[in-house]
Amino acid sequence: MSRLFFSSQTLSTAQVHTALDALNLPTLGVETLNQQACIEIPEAYTLPKAAITDTLRPLSRAHQFDFAILEAEFQANEFKLLAMDMDSTLITIECIDEIADFAGKKKEVSEITEAAMRGEIKDFSESLNRRVALLKGVPESCLQSVFEERLRLSPGAEELIAYAKANKWKTLLVSGGFTFFTDKMKEVLGLDYTRSNTLEIVDGHLTGRVLGTIVDAEVKRETVLETCTLLGCEPSRAIVVGDGSNDLKMMEISGASVAFHAKPVVQEKTDFCINHGGLDTICKWFEANA
């Protein structure tokens, strides 16, 4: 039996009732508990999943809650891999934008970043090369400064990683960002695998070039597939979390794709969306469906 999950820091029983009324679902006995609610959808209910989503999306924006339609098979033990993007997903910043800030070029770099995430620049390699070129001459020490002074984990990140470990999921951080930061995230959070881009550094300064194959959407997809093969599981047993169009190819092969505070183009093509809560919302889904 499917279930409908609601969550928000400000979720009220009245808001849940409003949503259920819009879906013509019974509200009798439905109450919120700890800012969340989970409702079983009657087997006789005929409204398709897409129609439920279309009905709830405007309400979720107006009342600032997240929702998910959980199938009966959505169980923690069905998954083996948690794959995540880094910038604006696992962490709150875009590292390249913050590095650019030290060079006085944040505005130019941020504009390219936003256009790429919205899918307006179709070639990620082109967008990355354009941005990195603007970083030529930036001291290597700026990378450490960004890590120490500006990098913050997204809300719920530590809880999600702990949940993954408790359920024996392997963790993969696959990013169009840079190894300097993914290596540190691997160490800090105890992640299993990482893949990202390497900035060329000569005489203590960035050269404005990226070394090796750029981690674009296709490489992200290949990395998830390779990791699943290594684990001896199908990609349908992977959860993939991201926020930009560069994440869509790895999302489409997963068993559960999650758009985290993502661009509209990503939200339209993923299984789940988190727009108001933290990454630990994923843990709550599983607990609600246990």
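Strand β8 and strand β9 (residues 256-260) run parallel and are joined by 4 bridges, with Ile239 standing opposite Ala256 in β9. Helices (H or I, at least four residues) and strands (E, at least two) are DSSP runs, numbered from the N terminus, and two strands pair if DSSP finds at least two bridges between them. The model is predicted: local features need pLDDT of at least 70, side-chain atom pairs count only at pLDDT 80 or more, and totals for chains, interfaces and linings use all residues. Residues are numbered from 1 along each chain as its sequence is written, and side-chain values use heavy atoms, with hydrogens and water left out.

Strand β8 also runs parallel to strand β4 (residues 81-84), again through 4 bridges; here Met84 stands opposite Val241 in β8. Strand β8 itself (residues 238-242) is mostly covered, as 5 of its 5 residues are buried (buried means under 20% relative accessible area, exposed over 50%, partly exposed in between, with a 1.4 Å probe and protein chains only). In a regular strand the side chains alternate between the two faces of the sheet. In β8, Ala238, Val240 and Gly242 point one way, while Ile239 and Val241 point the other way.

An open sheet of 3 strands has the order β2-β1-β3 with antiparallel pairing. Its edge strands, β2 (36-40) and β3 (66-70), each pair on one side only. Neighbouring strands of this sheet are turned by 15° against each other on average, direction ignored. Strand β1 (residues 3-7) pairs with β3 over 5 bridges in the antiparallel sense, and Leu4 stands opposite Ile69 in β3.

Two helices pack on this sheet, as tabulated below. Contact means heavy atoms within 4.5 Å; axes are lines fitted to C-alpha atoms, for helices over the stretch in contact, and angles run from 0 to 180 degrees between N-to-C directions.

| α2 (residues 49-63) | β1 and β3 | about 170° with β3 |
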